[in-house]
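Open the model in your viewer and keep the selection panel at hand. The tour has two stops, taken in order.

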Amino acid sequence: MPSDRKPEFFKGTQLKVGIIGCGYVGLPLGLRFAEAGHKVTGFDTDPKKVSMLNAGKSYIEHIQQAKIQQYVNSKHFRATTDFAELKDVDAIIICVPTPLDERREPDLSYVENTGESIYPHLQKGQLVVLESTTYPGTTEELLLPILEKSGLKCPIASGPDAENVPGDFFLAFSPEREDPGNKQYGLAQIPKVVGGANPPSGRAAVALYTPIVAKVVPVSSTRAAEMAKLLENIFRCVNIAMVNELKMLSLRMGVDIWEVIDAAATKPFGFMPFYPGPGLGGHCIPVDPFYLSWKAREYDFATRFIELAGEVNTAMPYHVVEAVATALNDRKKAIKGSKILILGVAYKKDVDDLRESPTLKIMQLLQQRGAELDYNDPYFPQLHKMRHYNYENMKSVPLNPQTIGGYDGVVIATDHSSYDYASIVDSAKLVVDTRNATRRVVRHRDKIVLC
Ligand SMILES: NC(=O)c1ccc[n+]([C@@H]2O[C@H](COP(=O)([O-])OP(=O)(O)OC[C@H]3O[C@@H](n4cnc5c(N)ncnc54)[C@H](O)[C@@H]3O)[C@@H](O)[C@H]2O)c1
C-alpha cells in the first residue's frame, strides 16, 4: 500500500473495509459500509458465524437475512477467519467484546488478541479504528503499542502544529452507539463521535464514516471519544438507579411512580424520563461504567456516582423477589413449593439478547428459595448454560389461559409487546409486574402487584 496515503483517501467510495468481530455491533456496521458501496470483509474467530454469513444467513434477530444475502450476492460482503487477509484492506474496524472479568474488572483480552492478530499484517497507509467500549487511554496505551510491534509508527500528537504530522498508519477511536431494537434510530441516523491519535488519523476516520452516518462529530483525541461513550452510558446507569430508588420509596408511600414520571415528563425542558425496572441488563449499561471506575483508581479517584448506582441497580432483582414473597404471603403461600411463571428473559423488550439480563438473577434467587419455575419468552424457545447461570434444560412454555392459571404467580420481568397483558391478568392468580406493563389493564387489578 502507498506510504504517502493522505487522510482524504478515505473519502473514496469503493474502499476495502475489514470489520473485526461480526456481532451485534460489527455485523450491522459491515452491512452499512456494504450498502454505501464499499467491499467489506468480516473477520471473526467463530467459524460457525463466518460460514453462516457466507451462506447469507443471520444469527441476530433484528438483522435481516435478505440484507446479508443481498450483499454476499453482490460481492460487497463476505466473512473469513483468516486474519492474513487484513493486509488487503484499507480500513480495519475493531468491534470485539469488552466485558468484565470474574472480579468485575475490565477484560481487555479480546482487544489485545485482536491487536496481536492485526500487527503481523499491518500495512502502511491503513486506518485502524477501535469501536469497542472501553476506558480512556485504551487506544493509545494498549492497542497502539501492540500495532507498533509491526515496526510501523503512528505518533500521538495534537494541536495546530500536528495537522500534518507524518505517520505510517492512521489510528482512531469511534464508539458504537447502537440501540438494539430501536426502530427510530438505526446506525445511519445516529451521529458518530470520532477521535484520532493525531490530526491526520482523525481526518481519515471522519472521511471514512461521513458517507455512512447522518453526522460525524470530531473530537480532539481518542481519549475524549472513549470518555464520551462512557459519559453516555454512566448517565443512563445513574438515572436508572435514581428512578429505581425513587420507585422503592414511592411504593412505601403509596405513590404511583409511573404516574409521577409521566407527569414530570410533560415539562418541556430540563427533564428526561427514565423508567424503573427489575435491574440493569444488556451488554453495555451494567458493564461499561465499571471500566471508568477501574481506570479512576489509577488516579486515586473514587467514582462514587457509579458505585452507588451499581449498588442500587444490583439490589433490584432482590427487591423483585421480596415483592413476590410478600404477594404470595398475602395469599397464604410461601415461595418454597410455589409454581411461578416468569415472562420475558431478554434484558429488555422485543430483543433476542439476554446478556446481563436481570431476569436471570431473579430466576436464580427464586429457585434458591424453593420456587418451581417455568418461563416464557418468544425470543428464547430454550435456555442454555451461561457464564453465571445454568438453565440448560429449560424450555419456554406455551402461553394460554390453562397454563397461566396453573401457576401460583406470574412475574412480568420483560414487557415484550407481543404479550396480551389483559388476557394474562384474566387467567393468572397473581401478577407481579416489574415494568408497569399492565398499566392499561382494567379488569382484575386486585391480582396485580407493581414492584
Ligand atoms: N451490543 C450493543 O448494543 C453495543 C452497543 C454499543 C457498544 N457496544 C460495544 O461494542 C463492542 C462489541 O459488542 P457486541 O455487542 O457487538 O459483541 P458480540 O459479542 O455481539 O460480538 C463480538 C464478536 O467478536 C467476535 N470475536 C471475539 N474475539 C475476537 C477476535 N479476537 N477476533 C475476531 N473476532 C472476535 C465474536 O465471535 C463475536 O462475533 C463491545 O465493546 C460493546 O461494549 C455494544
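Select Lys49 together with the ligand. An N or O atom in the side chain of Lys49 is 2.8 Å from an oxygen atom of the ligand. Keep in mind throughout that this is a predicted model.

How much of the ligand's accessible area does the protein cover? On its own the ligand has 830 Å² of accessible area, and the protein covers 92% of it.

Now widen the selection to the residues around the ligand. There are 26 of them, and Val25, Asp44, Lys49, Thr98 and Thr133 come nearest. Colour this shell by class: 11 residues are nonpolar, eight are polar and seven are charged.

Select strands β10, β9, β11, β12 and β13, which is their order in an open sheet of five strands with parallel pairing. Which strands are at the edges? They are β10, residues 372–376, and β13, residues 448–450, and each of these pairs on one side only. Looking across the sheet, the twist from one strand to the next averages 20°.

To find a particular bridge, pick Ile340, whose partner in β11 is Gly409. In general, strands of a sheet pair through backbone hydrogen bonds, so show backbone atoms here.

Conventions. Residues numbered from 1 in each chain as written. Predicted model: local features only at pLDDT ≥ 70, side-chain atom pairs only at ≥ 80, totals over all residues. Heavy atoms only, no water. Near = heavy atom within 4 Å. Polar contact = N/O pair within 3.5 Å; in protein donor to acceptor, adjacent residues only side chain to side chain. Areas by Shrake-Rupley, 256 points an atom, 1.4 Å probe, with all protein chains shown as cover. Nonpolar A, V, L, I, M, F, W, Y, C, P; charged D, E, K, R; others polar. Pairing = 2+ DSSP bridges. Helix = DSSP H or I, 4+ residues; strand = E, 2+ residues; numbered from the N terminus. Axes fitted to C-alpha atoms, helices over the stretch in contact; angles between N-to-C directions.
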